[in-house]
Amino acid sequence: MLILVVEDDYVLAEGLRRDLKRAGFAVDLTGSAVDAAHLGREALYDLIVLDLGLPDGAGLEMLRGWRAAGNPIPVLILTARDAWYERVDGFKAGADDYLGKPFHTEELLARVGALLRRAHRQQPSGPLQSAGLVLDEEEQKVILPDQQPVRLTATEFRLLRYFMLNPQRLLSKARLTEHVYAEDGDPDSNVLEVYVNRLRRKLGSDYIETRRGQGYRFRDPTAA
């Protein structure tokens with residue numbers, strides 16, 4: 001899952017990047033309203049964490065622009081502005097959630113996880129489950145139908161989580177690459193194939209179906 005963090009405080013932004021990456025997300029950073037407005041319009045991200053107090057533009061105006069253009073990306077506003085009417089303004093502008101500074105990392109991660117699940121029409125609480133698999137997001141491991149736990153590397157975890165959030169959908173290599181790797185990551189589709197094959201070895205070969213020239217589909221091998 002690929003998250004855009006819009007935050008001009010370098011120390012806070014790097015801390016957010018570190019915490020989100022540790023939780024298994026790919027993260028892009030920008031401290032510029034101009035850059036963020038462009039990146040948000042591209043609709044490549046699964047979620048945006050948006051600071052309102054940017055030096056070169058108003059975060060709320062940027063959010064209104066995204067919503068006016070029909071962009072449905074979940075947006076979590078992160079700000080030191082804590083007055084109730086400012087929160088109301090944020091929700092009216094199209095925010096999905098609001099978190100005041102300072103905050104606890106655990107709360108941020110819980111809110112991010114809930115927003116992502118709702119966006120993918122999944123239960124917002126409890127472990128992520130799909131096709132008989134249960135994903136332990138804290139330990140970054142998957143529980144197989146026979147209850148056997150299987151450890152995952154960071155990239156395997158990100159890839160499997162995206163598959164499980166999008167069951168039965170045909171996902172192109174380009175789409176998977178965009179949502180599994182950050183902007184400064186390795187976007188090589190051949191590398192993606194390596195990780196798909198690694199997941200097949202760990203899960204079983206029937207969970208991930210290859211559609212030649214189209215991409216991959218995550219499926220339940222026991223379904224008719």
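In the contact between the two domains, 14 residues of domain 1 meet 16 residues of domain 2. In domain 1, G24, R117 and H120 lose the most area to domain 2, and together these residues account for 36% of what that side buries. The structure described here is a predicted model, and the domain assignment of the protein chain places domain 1 at residues 2-120 and domain 2 at residues 128-218. The C-alpha centres of the two domains are 25 Å apart, and the domains bury about 1200 Å² between them, of which 45% lies on carbon and sulfur atoms. One salt bridge is found by the rule across this interface. A salt bridge is formed by the side chains of R117 and E137, with a distance of 2.6 Å from N to O.

Helix α6 comprises the 12 residues 154-165, and its end C-alpha atoms are 17 Å apart, which agrees with the 16 Å that the helix should span because each residue contributes 1.5 Å. The helix is mostly covered, with 11 of its 12 residues buried; among them are F157, L159, L160, Y162, F163, M164 and L165, and also the residues E156, R158 and R161.

Towards the end of domain 2, which is assigned to residues 128-218, strand β13 (residues 208-211) runs antiparallel to strand β14 (residues 215-218), and the two are joined by four bridges. One of the residue pairings links E209 with its bridge partner in β14, R217. The two strands form a hairpin with three residues between them, and in the turn G213 has a positive phi of about 75°.

Terms used: Residues are numbered from 1 along each chain as its sequence is written. This is a predicted model: local features need pLDDT of at least 70, side-chain atom pairs count only at pLDDT 80 or more; totals for chains, interfaces and linings use all residues. Side-chain values use heavy atoms; hydrogens and water are left out. Two strands pair if DSSP finds at least two bridges between them. The expected span of a helix is 1.5 Å times one less than its number of residues. Buried means under 20% relative accessible area, exposed over 50%, partly exposed in between (1.4 Å probe, protein chains only). Domain bounds come from an automatic or database domain assignment. Contact means heavy atoms within 4.5 Å. Buried area is the accessible area (1.4 Å probe) that two parts lose on being put together, summed over both. A salt bridge is a side-chain nitrogen of Lys or Arg within 4 Å of a carboxyl oxygen of Asp or Glu.
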